[in-house]
Structure formats: C-alpha cells, structure tokens
Amino acid sequence: MTARRIDLAIAGGGLAGGLIALALHRTRPELRVVLVEQGQAIGGNHRWSWFASDLDADSVALLSGFRTASWGRYDVRFPGYRRDLGTAYHSLASVDFDAALRRELNEGMLVAGRSVCSLDARGIDLDNGERIEARTVIDCRGIDSAAQLTGGWQVFMGRHLRTPRPHGVTQPTIMDADLEQHGAYRFVYTLPLSAQDLFVEDTYYAETPQLDRNALSGRIDRYCQRAGWQGNPVGFETGVLPVITGGNFSAFQSAHRIDGVAVAGTRGGFMHPLTSYSLPFAVETALAIARDADLPGVQLAAMLEARARQHWSRTRFYRQLGRMLFRAGTADERWRIFARFYRLPRLLIERFYAAQTTRLDRARVLCGKPPVPVMGALAALVGQGRALERDAA
C-alpha cells in the first residue's frame with residue numbers, strides 16, 4: 001500500500017466537493033488539497049440552477065469562473081393563470097462544472113475514476129490500495145439512505161434538445177403545470193440554453209421514488225410536439241431527490257457520522273427541503289470551510305454539524321409546507337397550491353427559494369390577504385382548514 005500526506009482530503013467530487021476544492025484553492029492556495037471522485041467527470045451528469053437572489057456577493061464570486069446560462073426573467077404557468085417574474089435565473093451544466101475545475105485546480109488535486117473504500121479522521125483508502133493521509137477529511141459522497149427522514153420525492157427526467165432552426169423561446173419556464181398531472185404534482189421545466197438548444201424536464205412531486213423512463217420520455221415527446229419543437233436529443237438527465245417533510249435529524253446525522261470526519265453537501269443535510277435546490281447551500285458551505293480551513297478535522301466536523309442543525313431549524317417552515325402538499329386532497333389538484341403561491345409578491349417568492357422566508361412572509365403564505373395563497377387552496381382541496389392551521393402552528 002502506498003500513501004501520501006496532505007492537508008485536506010475531500011471524498012466525493014459532486015457539486016459540494018467540487019466547490020469546496022475550488023474555494024480552498026482560491027483562498028488558501030498554499031494548502032495541499034485532494035478531491036477524490038469515483039467517476040471520470042466531476043459533478044456526474046447533472047444540471048444545477050439557481051435564482052440570482054439566492055446568492056450573496058461572495059457566492060457569486062466563487063461561481064464566476066463557470067460557464068453558465070443566464071436569463072433576466074422567467075415565467076410560470078398553471079390552468080387559467082400565467083405570470084412573468086423579473087428575477088434573474090442561472091443554470092450550470094456538469095460538463096461545464098468539470099471543465100472549469102480541471103482548468104483551475106492544480107495538477108494532482110483531482111483523483112478521478114477511483115472509489116473510496118473507506119475513510120476515517122486521518123485519511124481515505126482508495127480502491128487501488130492507495131492511502132491518502134490527511135489532517136482533515138471531508139465526506140461529500142451524497143446520501144446513501146435517509147430512513148431517519150420522512151417525506152416524498154421529486155422525480156424527474158430532462159432532455160437536451162437541439163432544434164434545426166431557432167426555437168424562439170427567450171426565457172425559462174420554471175413551472176408549467178397547465179397539463180395532465182398523472183397522479184402527482186407534475187410540471188414541465190424548460191430552459192432555452194441557446195437559440196437552437198432547449199432543456200426540457202418533466203418533474204413530479206410524488207409519494208414514491210418510482211421513475212418510469214419510458215412513460216416520462218413519452219410525455220416529454222408529447223409536450224415538445226404540442227409546443228412545436230422538433231430536433232435531436234443531445235443529452236439526458238434523470239433523478240430522484242428527497243422532498244423532506246420531517247423526521248429525526250439527529251438520527252440522520254448519526255447515521256452519516258464517522259468520528260472526526262467533516263460532512264458536507266446533501267450528505268450533511270444542506271439542501272432546500274421542499275424544492276431540493278442545493279447549489280446555494282453548497283456554495284455557502286464551501287466558503288465557510290475555506291474560512292476555517294486551519295481547523296483540525298474534529299473541530300471542522302463539529303462546526304459543520306452545528307451549521308447543519310441550524311439549517312434544519314431555519315428550514316422548518318418548508319417542511320411544514322411539504323407535509324401540507326402531500327396531504328392535500330387528490331394529487332391531480334395539488335397544482336392549485338402553487339398557482340396561489342405564485343400570486344404572492346415577487347420578493348417574497350425570492351426569499352422562499354433562498355430559504356430566507358421571514359415571519360411576515362410565513363403569515364402571508366399561510367393566512368394572507370385574499371386570494372389566500374396556500375391555506376385557502378388546501379382548505380378547498382381537503383376540507384380540513386382548521387386541522388392544517390393547527391399543524392402549521
């Protein structure tokens with residue numbers, strides 16, 4: 001067995017691990033850092049998106065080296081209601097994530113195509129017998145299981161379509177729920193990546209994690225036909241993400257804890273429990289780690305666990321909304337909740353996605369002026385307005 005000694009070893013080269021490596025490289029270039037990814041590409045096969053209002057100036061600076069698609073506005077669509085919102089929106093493909101990190105990170109920082117056999121507070125063991133000794137180890141390998149948490153699932157299939165001529169779409173549609181629901185809250189998400197490139201994703205908030213590739217592919221076909229889009233598929237993405245509505249977070253942390261090893265990314269619980277967006281929290285965590293990069297592994301692990309508990313506490317409201325969503329009447333009518341939500345003020349919607357909802361926002365969402373955004377829709381759907389108010393108290 002061979003071994004080498006470094007300052008920080010990061011297990012998992014997804015979004016969280018890649019951003020941590022980048023933040024450390026930029027702010028502490030003298031540190032010896034290694035990022036281990038079992039796949040050949042950093043970030044896998046994903047697309048991450050976020051609203052401009054999700055990030056502060058330091059977070060924007062960290063992402064400045066990535067090639068992203070950006071728009072100044074977006075729209076949403078529901079039966080009988082459409083709205084155009086003036087919030088900038090951005091999207092990053094994993095292929096561009098990988099390319100930028102390979103350009104910027106020093107030679108030797110990336111170990112790709114190697115699985116982590118085991119790790120501990122003093123290093124990482126790889127599948128080729130190599131041992132990477134490190135002062136600090138950070139585990140970003142994603143969630144193996146979340147049996148300690150409750151909720152539903154966000155199930156999706158995305159297709160990158162290249163059209164033979166300009167498609168004419170000028171801005172993203174974040175939610176188009178003006179379509180058949182198929183027993184879940186269903187919407188289609190569309191990004192015009194260029195004049196002749198579209199990303200079309202069919203998404204479901206469902207009680208089970210089942211992903212029927214044939215059914216979803218056929219529904220994307222029909223959606224594109226209805227919109228008049230023709231072209232060749234040049235890329236695909238599928239995913240099943242947890243929509244967290246409750247559970248025992250301490251037990252979740254215990255299940256993913258290795259003594260002295262820091263835990264970040266979704267494995268650490270850093271995600272939006274209702275939307276499943278993770279990029280803003282991955283950036284925030286990467287910058288926090290870079291600021292405290294001199295901490296011994298045990299202390300960095302404790303710091304991140306404390307941050308994760310704070311994140312769990314401040315996102316309680318979104319778990320309440322998730323419980324309401326999955327309890328609301330028939331699944332085919334749940335779009336009404338989001339249709340009412342999107343009648344709220346734009347700045348409130350921005351704070352919602354950034355997980356920065358204020359007390360006044362919460363009151364407006366649950367009990368606000370007519371049209372009552374969420375509670376009224378839920379009462380209409382399930383006839384249990386009083387019970388739901390007690391649940392949200």
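A residue is called buried when its relative accessible area is under 20%, exposed when it is over 50%, and partly exposed in between. The model is predicted, and the values below are computed from it.

## Residues with positive phi

H182 falls in the partly exposed class because its relative accessible area is 31%. H182 sits in the loop between β13 (173-176) and β14. Its phi is positive, about 60°, although H182 is not a glycine.

A355 is another residue other than glycine with a positive phi, here near 55°. The loop that holds A355 runs between α10 (346-353) and α11 (359-367). A355 has 5% relative accessibility and therefore counts as buried.

## Overall fold

The chain contains 13 helices and 17 strands. Its radius of gyration is 21 Å, close to the 21 Å that the globule rule gives for 393 residues, so the chain is as compact as a globular protein of that length. Taken along the principal axes, the C-alpha atoms fill a box of roughly 65 × 55 × 40 Å.

Of the 393 residues, 55% count as buried. Among contacts in the chain with a separation of 6 or more, 75% are between residues 24 or more positions apart.

## The second largest pocket

The second largest pocket holds about 390 Å³ of space. Its lining is made up of 21 residues, and those nearest the centre of the pocket are R47, A93, V95, H160 and L193. Sorted by class, the lining has 7 nonpolar, 8 polar and 6 charged residues.

Several elements contribute to this lining. At least two residues each come from the strands β7 (89-93), β12 (149-162), β14 (185-194), β15 (197-206) and β16 (232-247), and from the helix α3 (94-104). Which element supplies the largest share of the lining of the second largest pocket? That element is β16, with 4 residues.

## G246 in strand β16

Strand β16 also contains G246. This glycine counts as buried because its relative accessibility is 11%. Apart from neighbours within four places in sequence, G246 is in contact with L149, T150, W312 and R319.

G246 and D98 are 148 residues apart in sequence. In space, the C-alpha atoms of G246 and D98 are 34 Å apart.

## Cysteines and disulfides

How many disulfides does a search of the whole structure find? The search finds 0. A disulfide is a covalent bond between the sulfur atoms of two cysteines. The cut-off used here is a pair of cysteine sulfur atoms within 2.5 Å.

Is C117 buried or exposed? C117 is exposed, because its relative accessible area is 54%. C140, by contrast, has 9% relative accessibility and so counts as buried.

Note on methods: Residues numbered from 1 in each chain as written. Predicted model: local features only at pLDDT ≥ 70, side-chain atom pairs only at ≥ 80, totals over all residues. Heavy atoms only, no water. 1 Å grid on protein atoms, 1.4 Å probe; cavity = no way out; pocket = protein on both sides within 12 Å on 5 of 7 lines; lining within 4 Å. Points joined across faces, edges and corners; volume = space filled by probe spheres on them. Nonpolar A, V, L, I, M, F, W, Y, C, P; charged D, E, K, R; others polar. Buried < 20%, exposed > 50% of the residue type's maximum accessible area, 1.4 Å probe, protein only. Contact = heavy atoms within 4.5 Å. Rg over C-alpha atoms; globule rule 2.2 N^0.38 Å.
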